[in-house]
Amino acid sequence: HKVYLNGEYLPLSKARVSVLDRGFLFGDGVYEVIPAYHGKLFRLEAHLQRLENSLSNIRLGLSYSVEKWREILLPLVDETKDQYIYLQITRGVAPKRDHAFPTSAVPTVFAMCSDIQYFEGREVGVKAVTMDDNRWEMCHVKATTLLANILLRQQAIEQGCAEAILVKNGYVTEGAASNLFVVIDGELMTPAKSADILPGITRDVIIELAQANDIKVNENVISLEALQAADEIWVTSSTREIIPVVELDGQPVADGHPGPLWRKINELFQQYKQ
Ligand code: PDD
């Protein structure tokens, strides 16, 4: 099982990063999670565009072409399986711990590939809880600094739930590690892109598939009250795809089963990703 680290391929057990790496000391880095369905890197350009955006937002100067990334990533992938690539770039190893950017550090580039574990909750639906969105003001950046997300997700798990749905000033933003869709009065809605959410690649694909099938998508604000009254709630991400939420804060969502629009969009997504 080989991983990529700073220009080399080596066994996972041999991959080493200095304790002075700013990723370790400060969480000073960004990442991507890219599905690889039977060897095909899913929406690679979109993931790399988001990566570039994350890098420029944290002022980390590293710019590889799509072709260079493809060359780096493809050797990690097993074509016989559904997998995902985890790709992380940090501001590198500085001579000492100092909040200020180092003057001469070389970014650390790390990538590994893992099998996508089928998520059991997909067909039957999952439980979710709403929680106060206590993250920072740059949620559109895919930063490795995930302490808030981790604490939120862990609280959800300890309440028997698969995801925390986050609420900011009375409006829902996204999940701790997912985007959010709801169906209200037959209309598919998702929060509009802003610095409050990560612009999910799965989210983009769902919107495209819906529109191509004459299903309108309303990108707008969604209040907590609207969420509580929704006929369907889904959470979406690269690793879990489209997951129906059938119980919110202990209350069933509609009849407590995955809804018809989820069934339709999930089917379209499963066909599309092949
Ligand atoms: N997380 N919002 C947040 C906060 C996320 O962490 C993720 C994905 C998403 C969905 O984005 P996408 O559809 O591009 O995967 C939304 C990844 C999977 C992770 O952290 O493991």
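1. A nonpolar core here is a set of buried Ala, Val, Leu, Ile, Met, Phe, Trp, Tyr and Cys residues joined through C-beta atoms within 7 Å. The model under review is predicted. Its largest nonpolar core has 35 residues. Those with the most contacts inside this core are Ala 128, Ala 164, Val 182, Trp 234 and Val 245. In soluble globular proteins, nonpolar side chains tend to be buried together.

2. Take Ala 128 next. Leaving out residues up to four places away in sequence, Ala 128 touches Ala 156, Cys 161, Ala 162, Glu 163, Ile 165, Val 235, Val 245 and Leu 248.

3. Now the strands. S7 covers residues 126–132 and S14 covers residues 241–248; the two pair in the parallel sense over three bridges. In this pairing, Lys 127 stands opposite Glu 247 in S14. S7 also pairs with S8 (residues 163–168), in the parallel sense, over five bridges. Here Asp 132 stands opposite Val 167 in S8.

4. With S7 and S8, H5 makes a β-α-β unit, and the unit is right-handed.

5. Then the ligand. Around it sit 15 residues, the closest being Leu 198, Gly 200, Ile 201, Thr 202 and Ser 238. Helix H6 (201–212) and strand S13 (232–237) are the elements that give two or more residues to this shell. H6 gives the most, with three residues.

6. What is the division of the shell around the ligand into nonpolar, polar and charged residues? Four are nonpolar, nine are polar and two are charged.

Conventions. Residues numbered from 1 in each chain as written. Predicted model: local features only at pLDDT ≥ 70, side-chain atom pairs only at ≥ 80, totals over all residues. Near = placed C-beta within 6 Å. Helix = DSSP H or I, 4+ residues; strand = E, 2+ residues; numbered from the N terminus. Nonpolar A, V, L, I, M, F, W, Y, C, P; charged D, E, K, R; others polar. Pairing = 2+ DSSP bridges. Right-handed = clockwise from strand over helix to strand, strands pointing away. Buried ≥ 20, exposed ≤ 12 C-beta atoms within 10 Å, placed from the backbone. Contact = placed C-beta atoms within 7 Å.
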